[in-house]
Amino acid sequence: MSDAITHYRQLRELTIDELAYVLLMLDHPISADALAEMERCTRSVTVDDLVAIAYVLDTTPAVLLSHIPIDMPEPEGPFATGLPSDVDQTELRAWLEGKTRLDHQSRVSWWKERLARLRVRAAHHEEQLQGAYAELRELGDLADQEADAPPVRRLQWRIQDGEHALNQSEVALALTEHRLDSFREGA
């Protein structure tokens, strides 16, 4: 939670004093010192504080609760006390938002739906990439002769971005298929 408050406060370009001031104006006073303690993880955040802070930071309590710092090492246990140890960030957020439950059947269904969405996304990236390759082929020798021309550079960037997006989609698909297989084996 502490990293989430810091992250979204900085993302909104607010100082701790500015956040404290806006909270005061909303009749939910939290001193700058108390906010700093929350960000240092030396003060607990109440549910009321969570709701008010999320509102001011233009996000939701679920996003703040499920925020995981990018540099956080893989947890050895669950993200939150009492949860199954294999719940990941996306599943945690879906559960917090009421989009899934954490019983075995619901989790299998949720991962199947996620897999279907990822397959659609991967197909879309593949289609976009093939379209960009086709445009480059149509240019033929002109693409080589005018390699530094802005339209050719944009097309090359589209291809590069498309290859990256497709690769990311394929990795996400593989990880999701692995997760789904582990649920099936555990049944």
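## Exposed and partly exposed salt bridges

Arg101 is exposed, with a relative accessible area of 58%, whereas Asp103, at 29%, counts as partly exposed; here buried means under 20% relative accessible area, exposed over 50% and partly exposed in between, for a 1.4 Å probe and protein chains only. The side chains of Arg101 and Asp103 meet in a salt bridge with an N to O distance of 3.6 Å, the term being used for a side-chain nitrogen of Lys or Arg within 4 Å of a carboxyl oxygen of Asp or Glu. Elsewhere, salt bridges that share partners join Asp86, Glu91, Arg107 and Arg179 into one network.

Lys99 pairs with Glu97 in a salt bridge whose closest N and O atoms are 3.1 Å apart; Lys99 is exposed at 61% relative accessible area, while Glu97 is partly exposed at 35%.

## Basis of the values

The model is predicted, and local features therefore need pLDDT of at least 70 and side-chain atom pairs count only at pLDDT 80 or more, whereas totals for chains, interfaces and linings use all residues. Residues are numbered from 1 along each chain as its sequence is written, and side-chain values use heavy atoms, with hydrogens and water left out.

The structure holds nine salt bridges, and one of them brings together the side chains of Arg9 and Glu39 at 2.6 Å, N to O. Because Arg9 lies in helix α1 (residues 2–11) and Glu39 in helix α3 (residues 32–39), the pair ties together parts that are 30 residues apart in sequence; helices are DSSP runs of H or I with at least four residues, numbered from the N terminus. Arg9 is buried at 9% relative accessibility, and Glu39 is buried at 15%.

## Helix α6

Within helix α6 (residues 89–96), Glu91, Leu92 and Ala94 are buried. Seen down the axis of α6, its buried residues fall within an arc of 165°, so they line one face of the helix, where the arc is that of the directions from the helix axis to the C-beta atoms. Gly98, which follows α6, has a positive phi, near 75°.

## The aromatic pair

A search of the whole structure finds one aromatic pair. The ring centres of Trp110 and Trp111 are 4.9 Å apart and their planes stand at 90°, so the pair is edge-to-face; rings of Phe, Tyr and Trp (its six-membered ring) pair if their centres lie within 6.5 Å, and planes under 30 degrees apart count as stacked, over 60 as edge-to-face and the rest as tilted. Both Trp110 and Trp111 are buried.

Definitions and conventions. Helix = DSSP H or I, 4+ residues; strand = E, 2+ residues; numbered from the N terminus.
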